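Let's take a walk through this one together, stopping at a couple of spots along the way. Have the viewer open and follow along.

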Amino acid sequence: MRDKTSSSEAAWQEELCAAALPDKRLVRRLQRLLDQLSAAPGKPIPAACGD
């Protein structure tokens, strides 16, 4: 049986690779945002991000 977290993280990594952002800091920020949102799928964005 496959672990959902691993496949979800792999999907985010694919999305990050496809994002053509001009600055590595923006890629890190996007990754952090996606991690926060995927960790709390049923919560509103401010609650999921802690602010």
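**A charged pair and a buried alanine**

The structure holds one salt bridge. Keep in mind as you look that this is a predicted model.

So who takes part? The partners are D23 and R25, whose side chains meet at 2.5 Å, N to O. As a rule, side chains of opposite charge can pair when their charged atoms come close. The D23 and R25 side chains are also joined by a polar contact of 2.5 Å.

Where does D23 sit? Look in the loop between helix 1 (4-18) and helix 2 (24-39). D23 has a relative accessible area of 23%, so it counts as partly exposed, since that label covers values between 20% and 50%. R25 comes in at 54% relative accessibility, which makes it exposed, because the cut-off for that is over 50%.

Now hop along to A48, which you'll find in helix 3 (residues 45-49). Is A48 buried or exposed? Its relative accessible area is 13%, so A48 is buried, because anything under 20% gets that label.

What is A48 in contact with, once you skip its neighbours within four places in sequence? The list reads Q36, L37, A40 and K43. Two of those, Q36 and L37, fall within the residue range given for helix 2 (24-39).

Definitions and conventions:
Residues are numbered from 1 along each chain as its sequence is written. This is a predicted model: local features need pLDDT of at least 70, side-chain atom pairs count only at pLDDT 80 or more; totals for chains, interfaces and linings use all residues. Side-chain values use heavy atoms; hydrogens and water are left out. Helices (H or I, at least four residues) and strands (E, at least two) are DSSP runs, numbered from the N terminus. Buried means under 20% relative accessible area, exposed over 50%, partly exposed in between (1.4 Å probe, protein chains only). Contact means heavy atoms within 4.5 Å. A salt bridge is a side-chain nitrogen of Lys or Arg within 4 Å of a carboxyl oxygen of Asp or Glu. A polar contact is a pair of N or O atoms within 3.5 Å; within protein, one must be able to donate a hydrogen and the other to accept it, and residues adjacent in sequence count only if both atoms are side-chain atoms.
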